[in-house]
Amino acid sequence: MTKAKIAILISGTGSNMAALLYAAKHPDCPYEVALVASNNPDAPGLKLAEAEDIPTFAHPHKGLTREAHDEIMHDAIIAAKADHVALAGYMRILSPEFVGKWEGRMLNIHPSLLPKYKGLHTHQRALEAGDSQGGCSVHLVTAELDDGPVLGQSPVAVLPGDTAETLASRVLIAEHQLYPRTLANYVSRASSPEYLVAQVRERALAMPEADEVTSNGRPWFGTIQGHT
Ligand code: GRF
């Protein structure tokens, strides 16, 4: 199995990075961690990655334009031969250039059930709204903040007396389950029957007068001339 090579970007604790990294230790995990990089040289997660013999890179953003800093991170990711980027508590808004370079190959984890509560203070906002559930989402990164296609979500029940902190700590447990699994599914989607059918469907239905029927429980695509 050729494994996808992941660069994980962090700014702080890096508990999601640790979850991704420990999941990657299983032989059947379809990705490996090629790099842990940060805009914060003091990010505690860097020490953990080093202890696990994962290459690390840090470059502070202070004094640099967003584009210049993103380019430095991009070069480090390319030097590590990573083919996907996993944002894990990376507290930087990314330039459109950087997002464009990693389109379809960059994931993020966000502590809410998107599209609810993009941005910060997600747990507090869920509690103030009286939601019965908080949760987390893994999504593809697009130019719009916390807005790309959602790849996976885990709801987490709100308990009586929850504060933003108590809810956040349970959501974090859910994040650690969701991110490795969703990343693994995403990088291995080319061998998933559902993904392959969806690809065929997209191309087939783009043809003039194309339609889809089900035959023996399987999808068939064709035009009015006949199905193939
Ligand atoms: C997590 O809650 C994640 O959803 C958000 O930032 C936090 C990072 O925590 N994007 P950690 O550094 O992974 O512990």
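**Ground rules.** I'm working with a predicted model, where local features need pLDDT of at least 70 and side-chain atom pairs count only at pLDDT 80 or more, while totals for chains, interfaces and linings use all residues. Residues are numbered from 1 along each chain as its sequence is written, and side-chain values use heavy atoms, with hydrogens and water left out.

**Entry 1: around the ligand.** I got T13, G14, S15, N16, G89, I109, H110, P111 and E175. I sorted this shell by class and found two nonpolar, six polar and one charged residues. (Ala, Val, Leu, Ile, Met, Phe, Trp, Tyr, Cys and Pro count as nonpolar, Asp, Glu, Lys and Arg as charged, and the others, Gly among them, as polar.) Helices (H or I, at least four residues) and strands (E, at least two) are DSSP runs, numbered from the N terminus. On that basis, α1 (15-23) and β5 (106-110) each give at least two residues to the shell.

**Entry 2: polar contacts.** Next I checked for pairs of N or O atoms within 3.5 Å. A polar backbone atom of G14 is 2.8 Å from an oxygen atom of the ligand. For N16, a backbone N or O atom lies 2.8 Å from a ligand oxygen. With E175 it's an N or O atom of the side chain, 2.8 Å from an oxygen atom of the ligand. I then noted that the ligand taken alone exposes 370 Å², and the protein buries 80% of that (areas by the Shrake-Rupley method with a 1.4 Å probe).

**Entry 3: the largest pocket.** I looked for pockets on a 1 Å grid over the protein atoms alone: open sets of points where a 1.4 Å probe fits, with protein on both sides within 12 Å along at least five of seven lines, and lining residues having an atom within 4 Å of a point. The ligand sits in the largest one (more than half of its atoms lie within 2 Å of the grid points). This pocket's volume is about 870 Å³, taken as the space filled by probe spheres set on the points. I counted 31 lining residues, with M91, H110, P111, G119 and L120 nearest the centre. β5, α5 (122-128) and α6 (164-187) give two or more residues each, and α6 gives the most, five.

**Entry 4: the second largest pocket.** Here I found about 150 Å³ of space. Its lining includes S11, G12, A88 and L172. By class, that lining has three nonpolar, seven polar and no charged residues.

Terms used: A residue is near a molecule or strand if one of its heavy atoms lies within 4 Å of it. A polar contact is a pair of N or O atoms within 3.5 Å; within protein, one must be able to donate a hydrogen and the other to accept it, and residues adjacent in sequence count only if both atoms are side-chain atoms.
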